[in-house]
Structures are given as structure tokens and as C-alpha cells.
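I opened the notebook to record what I looked up in this structure, entry by entry. The sequence and the structure come first.

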Amino acid sequence: MSMKRIVFLLLSVFFIPFLSFAEDIPIAPYLPAQNSPAAKTAPISVQYPYENMRIERGAKNIFLFGRVNVQKPVTLTINGTQVAVSDNGGFIAFLPVQTGNFPFVLTATTPTQTYQAVRHVNIEGTDISKFEHKAAFDKTALFPQSAVELLPNDTISLFAQGTPHAQVTFSLSGVKGAKNITMKEDPANPGNYRAQYTFKPDQKPLRSKVTYKLTKGPRNTKAKAVAPAKIKVRDAQKPFTYARVTLNGVKLRKLPTPSGNLYPFYRAYGDVRVSGVMNNQYRLQLNDKESAWLEKRRLKDISAPGADYKNTLSDMHIDYNDRRTRLTFDLTHPTTFSIREFSDSVQIILYGIDDFEESFSFDATNPLLERVDWAQTADKTYTFIAHLKEENTLWGHRYKFEDNKLHIDFMIRPETQATWEKPLKGARIVLDAGHNPRTKVPYDGAIGPSGYLEFQGTMALAEKLKPMLEAAGATVLMTRKGDNKMTLNQRYDFAAKNNAHIFVSLHYNALPNTTDPSAKPRGFTIFYAYPHSFDLAREMHAAFIKNVPLPDEGLTLNDVLFIPRISDFPSILVENAHLIIPEQEQMARTDAGQRIFVQALYEGIINFYQKQLPPPPPPQPVKKTKKRAKKK
Ligand SMILES: [Zn+2]
């Protein structure tokens, strides 16, 4: 393969001086990939990052980990920095990198031999050292890169990257007073320049180009660049376009960035008003004050509704059966809403409602709810608060649109036949072994320094835990069995279809590339998102503290991860340990280590169910005959 040749050439350039002194040094021409036959015998293997992996723009340090497979004692250096090697040969290091194709050179030295290997990564972005001799901008980093649309009164964040320690200004064409405004250099990231600009309330609609100028560069050089995309200011009199969300209940974002920052409670649906565009996301205007962002591909453009368009909430009614209480909202059109649980109530907000006919009835015999209050809380916005008769009696909630009816179901605790001897009798527990089998890069989930993969580790735990829960009376439903692959949505569908009572998702943790693994103690974390999942999360967390000899990273509310956001029943995600840390990978892959995690998981579930039982019977006196029999 041509890659081998390139690597070999690079190696010869790097090591000619070294090679000439020690000719017997074996060099790994490249590092074997996980699960390749060479991996077991290679003297040095790096599991992560993989060869030529792309690393995000601006990375200054990243971690790498792998294993040294040579006789001890051994000293390992990477790019000249000495790195600790654990008992099983595993190592993890956090080291500086530079923009472009960057090599890590690993050298393992034993009393008799020296081994070397190299691993390359591609750090995105422009190498700012290139700017050191002459003023210049990185055009691929100037804001905006894609079309921006905003309203008068909106504030934009401008960004430019170029020669460090210079003076940079921006100008907005056609905007009065927005000429040669000074930007601030980020002291932590020299060469990054930022500024904010707020359009005046009376700003007329226009399309503006952004020009950046750099002065006082090296030897007084100057540079000028125009951002690739323009900024459009919309007409304050006609600020909206209209679009339709066709995917039922899509989640919205707080910021127009591609990942994370999801709003936990909003469910967008139906026709929406759009008041801006940025980074290929639309800004949805929920009412006068609230807005949120959604990817363009989630929306279909529609024309402005006619003057007679009206979304009327004509009725809200409540009914119940033995499993759930249902609130039904009768609307003219589907609409965006949010559901938020508290320990004593649930708040439902409907957006885009022109009129509520105030027709609703409440049946005082409802077993779960005390009453429901409502109010118009903003323009086109109605808020309903369902008060629980008793705190923490909600087992879960779910929503469903049927044509123009929105149903919101509140579930109560499912009946079981639990006893102190069989505390899980009648319980239906979903065990979710996280991630899917994939042994090629990019892996699905984390990998450890010796090449153990997260999907293997989570399945090992699930398979050990299942018979223990069954012995306590539970019906255990495994999302993944053997080698089947399941998306997150399929895992949820499986649980809902099989009438799950609780959902426990098993994982091992990893870190973002640029996070220092040694910056704080790393260990286990329990994630949950709703008050109705808290008791299960708390019992699990306590059982981990009691059983697992690793740092406690906490009982953590997380409203971004998919699994904790499953709302129908208590759902938690357990990060058992950090697979990227050699000692914790060792625990994850050995029988003895797995038993420790499984014991904690088992106790967490048992204690959650036992807390719902009446007090235990007094302990039985020990039978002497049994004791004698044991001594044999
Ligand atoms: Zn995971």
C-alpha cells in the first residue's frame, strides 16, 4: 500500500541520525490496527488515535494510548516525553500537537533493545506559525462561512483567524457606523480575533458583506479578507418565514452549533415561524421572547399562512385507566410544545396557539393528579401545570400526536409481585449493552489501551447480570443479544414494545480528544434526566460507591444523552469506568473486575425495588444443621 511507503519515507527522514548509531533497532513500519493479526505481537501498539485520524481545529494537546508488548523493565518516551507504563503494558499520555499532519514517535527501551513506532494525526486548521513572517488571514475560519439571516436588534459574534499579535478590525458593508471596528485577540489563543455587533432596532433590511483588515503585522505588513458568506438583516415589519417540521417531536437546540446543547424539553412539530439562519440552522421563533435552533434538513419551506390561519386549542380533557392518566389537547394544527417534570408537578407548554376556548374538565377521581392549572404565559403560548396528588409518584410520561390531537400520558408505577425473597418478581427490566459490534475504525464507542472494545465490555456485564436478576424474580429483556446491532431509537422501541418497567444502559467512558485524562480522578458516573429516574439513579450510585474501588464522578443530571432522555419509565445510563485508562480497562476485561461492576449493578436495582416494599420481616434464626453441613 502506498501509505506504508509514505510512512517509511517519513521515518527515514526522521531517524536517519538515530539509525546510523544503532542499526539493530527494529522499527514498526506503522502501528497495527486493533484486531489485526500483527497487533498481538507488535512491540508497540497505539489503539487511539488511529493512523491519520482527523482531530478538531485548534487542538493543542491530545491524548493517545496503547500498549508496550516487550519484556520488562521498559522505559517509554513519546516525542521525547517519558510516559508511565502500567503493569499490563498499557499507557496513556496527553501531549502537545501542531496543526497539520503530526507524528507521535514512540520509543520503548529495554536493557537489551530499543523499539520504535510512529503514529500520525491530522490536526485541522491553519498553522499559525505560517503567519509569523507576513500578515495573513485563514479564509476558512472567517465568520460567516455560510449564509446568516438575522433581525434588527440581533447580536452577532464575529470571528477571524490570522497573524497573531496584530491589529484586526471588521466592517459591515451598508451598515451605518459599522466600519473598521476593532476586534479583541483571545489571549489564550493568539491569532484568534473576536468582536460582537448589535444591529440597531431601526436597521433597514440589507445584505452585508464582512471585511476583515489586519494591520501591524510582521515588518508592518497588512492583509484584508472578505468572509465567504454574507449577513442578511431581515425586514422588522416582515420578520418571519414559515416552515414545517415533519418529524414528530424533533428536539431543538439552544445555540446554532452542530452538536450538544439540546434543549431538554421542547418537541418541535407542525408549522413554525423562522426568524433567522446561521450555520445551516434555522432559528424558530416560539413566541416574542423564546427561540430555538433546528437543522435545515429537518424543515420544509412553506409559504406564509393566509390571514385566516388560526391554531385554536378547542378543548383539553383528562381520562385515565389503571396504567396511565392521559391529557388530550384538541388543536386545529399540530404544534411545538414542551414537557417538564418536577417532583410535585408536570409543566406542559404549547406554543403557536392563537386561541384557547377555555374548555376543559377535571375529574376529581383521578388517582394521580390533584388538579390542573393553566394560564396564557406569553404571546401564542399556553402553560398547563398538572399537580400530582403525592410527590414522586410519576413513573414516566410520553406524548403522541394523533392528527391534530396531542396526547400526553402520565404513567404510574407498574404492579409487581415483589417479596423480600424475590424482590424483582414481576419486574420487567431492560438491560442495554451499549454500542454495537464494530472492530474497524471508527469504532462504535470507546476502546482501551490493549484494544478491548466498549461493545464487548458492556455485553460481558449484561450477560453476567441477567441470570442474577432472573434469580431474584425479574424478567430481563436484552436489547442486544449476540452480534445484533441496534440504533438508539430501536433500543427505545424494543423497550416500549416489550412493556419495560425500567431501562438500565451499560457503558464504559472515554474522553474528548483534547481533554487531559489526568486532570481529575476518573471513575464511574450515573446519568439520569428526569425526577422519575432519580430514585433508580441514586440507588445505583450508592451501590457503586459501596462496591467499586474507583473514583466517584457523580450522580449526574444529563439532558443531552439519548438514553436518560427516554421518558416513559425510569431510565439511567451507567458509565462503569474509563476504558481508556489502562488499569480500568484491565478491570473491564477480566472476570474478577467484571464481577465487581455486576455486583454494584445488581445491588443498585435490587435496592431500588426493595425500597418500595413494606419493611422486611425479622431475620430468621440460623439453622445449625446447615452450618455443620457447610463445614464438611
Ligand atoms: Zn458508551
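Leaving aside its neighbours within four places in sequence, with which residues is Asp288 in contact? I found that Asp288 is in contact with Ala378 and Asp379, where contact requires that the C-beta atoms of two residues, placed from the backbone, lie within 7 Å.

Before going further I noted that this is a predicted model, in which local features need pLDDT of at least 70 and side-chain atom pairs count only at pLDDT 80 or more, whereas totals for chains, interfaces and linings use all residues. Residues are numbered from 1 along each chain as its sequence is written.

**Entry: Asp288**

I placed Asp288 in the loop between strand 21 (281-285) and strand 22 (291-295); helices (H or I, at least four residues) and strands (E, at least two) are DSSP runs, numbered from the N terminus. Asp288 and Asp379 are 91 residues apart in sequence, yet their C-alpha atoms are 6.4 Å apart in space.

**Entry: the chain as a whole**

I recorded seven helices and 38 strands in the protein chain, whose C-alpha atoms fill a box of roughly 95 × 90 × 40 Å along the principal axes. Of its 632 residues, 37% count as buried. Among contacts between residues at least 6 apart in sequence, 69% join residues at least 24 apart.

**Entry: the sheet 1-3-6**

I followed an open sheet of three strands in the order 1-3-6, with antiparallel pairing (two strands pair if DSSP finds at least two bridges between them). Strand 1 (44-48) and strand 6 (90-96) each have a single partner strand and stand at the edges, so one side of each is left without a neighbour in the sheet. Strand 3 (residues 61-68) is joined to strand 6 by seven bridges, and within this pairing Phe65 has Ile92 of strand 6 as its bridge partner.

**Entry: strand 4 and its partners**

I next looked at strand 4 (residues 75-78), which has Leu76 and Ile78 on its covered face, and Thr75 and Thr77 on its uncovered one. Strand 4 pairs with strand 7 (residues 100-109) in the antiparallel sense over four bridges, and it is joined to strand 5 (residues 81-83), also antiparallel, by three. Leu76 has a bridge partner in strand 7, Ala108, and another in strand 5, Val83. Strands 4 and 5 form a hairpin with two residues between them, and Asn79 in the turn has a positive phi of about 50°.

**Entry: helix 4 against helix 6**

I found that helix 4 (residues 531-547) and helix 6 (residues 591-610) pack at an angle of about 140°, with their axes 8 Å apart; axes are lines fitted to C-alpha atoms, for helices over the stretch in contact, and angles run from 0 to 180 degrees between N-to-C directions. The two helices are therefore oblique to each other (under 35 degrees counts as roughly parallel, over 145 as roughly antiparallel, 65 to 115 as roughly perpendicular and the rest as oblique). Among the residues that make the contact are Leu536, Met540 and Phe544 of helix 4 and Ile596, Ala600 and Phe608 of helix 6.

Conventions. A residue is buried if 20 or more other C-beta atoms lie within 10 Å of its own, exposed if 12 or fewer, and partly exposed in between; C-beta atoms are placed from the backbone.
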